[in-house]
Amino acid sequence: MSNESTAWTEEELEDIKNRIMQALELVIDPELGIDIVNLGLVYEVNVFNGGYCEIKITLTTMGCPLADVITEDILNAVKTVPEITETDVKLVWYPAWDTSRMSRYARIALGIR
């Protein structure tokens, strides 16, 4: 099979990324009870032809004991996107997370102004 037959257009890649983000909205931070997208923990989603997906996330604190749980939930959520055949979750610490990254929804739900 040639690469041309499996290559996605920019529009298709954007659609796949949007569906990945929707799937990630189902990944709940167990301590805060809010999804990782609205918390602003998802820094970057990259999708490559062939079905490889790289997701860069951070956590609210460096010593978060639930990193493995959240990573496993991410991997399971992305499995619902049929075009993705392999996912790599990369934990990053820069820029540091703070409450300004949260969506309006998350800020209201947690009582943060």
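**View 1. The pairing of strands β1 and β2 in the predicted model.** In this model, which is predicted rather than determined by experiment, strands β1 and β2 pair in the antiparallel sense, and six bridges are found between them. One of the residues taking part is Val-47, whose bridge partner in β2 is Cys-53. The two strands form a hairpin with three residues between them, and in this hairpin Gly-50 takes a positive phi near 100 degrees.

**View 2. The pairing of strands β2 and β3.** Strand β2 is also joined to β3 by six bridges, and here the two strands run parallel. Within this pairing, Glu-54 stands opposite Asp-88 of β3. The side chain of Asp-88 in turn meets that of Lys-90 in a salt bridge, with a distance of 3.2 Å from N to O.

**View 3. The whole chain, for orientation.** Along its principal axes, the C-alpha trace spans about 50 × 25 × 25 Å. Of the 113 residues in the chain, 35% are buried, while the accessible surface comes to about 6,900 Å², with 51% of that area belonging to carbon and sulfur atoms. Among the contacts with a separation of 6 or more, 64% are made by residues 24 or more positions apart.

**View 4. The largest nonpolar core.** This core has 31 residues, and those with the most contacts inside it are Ile-20, Leu-24, Ile-55 and Ile-74. Helix α2 (10-24), strand β1 (42-48), strand β2 (52-57) and helix α3 (67-78) each supply at least two residues of the core.

**View 5. The surroundings of Leu-24.** When the neighbours within four places in sequence are left aside, Leu-24 is in contact with Asp-35, Ile-36, Val-37, Val-42, Val-45, Ile-55, Ile-74 and Val-78. Two of these partners, Ile-55 and Ile-74, are named together with Leu-24 among the residues that have the most contacts inside the largest nonpolar core.

View 6. Side chains of opposite charge can pair when their charged atoms come close. A search of the whole structure finds three salt bridges, and Arg-19 takes part in the two described here. In one of them Arg-19 is paired with Asp-15, the closest N and O atoms being 3.1 Å apart; because Asp-15 and Arg-19 are four residues apart in helix α2, about one helical turn separates them. In the other, Arg-19 is paired with Glu-83, and here the closest N and O atoms are 2.8 Å apart. Arg-19 lies in helix α2 whereas Glu-83 lies in the loop between α3 and β3 (86-91), so this pair ties together parts that are 64 residues apart in sequence. Each of the three residues counts as partly exposed: the relative accessible area of Asp-15 is 39%, that of Arg-19 is 25%, and that of Glu-83 is 26%.

View 7. The peptide bond that joins Tyr-94 and Pro-95 is cis, with an omega of about -5 degrees. Pro-95 has its place in the loop between strand β3 and helix α4.

**View 8. A nonpolar patch on the surface.** Leu-32, Leu-110 and Ile-112 form a nonpolar patch on the surface, and together these residues have about 190 Å² of accessible area. One of them, Ile-112, lies in the segment that follows helix α4 (104-110). With a relative accessibility of 31%, Ile-112 counts as partly exposed.

Methods: Residues are numbered from 1 along each chain as its sequence is written. This is a predicted model: local features need pLDDT of at least 70, side-chain atom pairs count only at pLDDT 80 or more; totals for chains, interfaces and linings use all residues. Side-chain values use heavy atoms; hydrogens and water are left out. A nonpolar core is a set of buried Ala, Val, Leu, Ile, Met, Phe, Trp, Tyr and Cys residues joined through side-chain atoms within 4.5 Å. Buried means under 20% relative accessible area, exposed over 50%, partly exposed in between (1.4 Å probe, protein chains only). Contact means heavy atoms within 4.5 Å. Patches are made of residues with over 30% relative accessible area and no salt bridge: like charges are joined within 9 Å, nonpolar side chains (Val, Leu, Ile, Met, Phe, Trp, Tyr) within 5 Å. Accessible areas come from the Shrake-Rupley method with a 1.4 Å probe; for residues, only the protein chains shown count as cover. A salt bridge is a side-chain nitrogen of Lys or Arg within 4 Å of a carboxyl oxygen of Asp or Glu. Two strands pair if DSSP finds at least two bridges between them.
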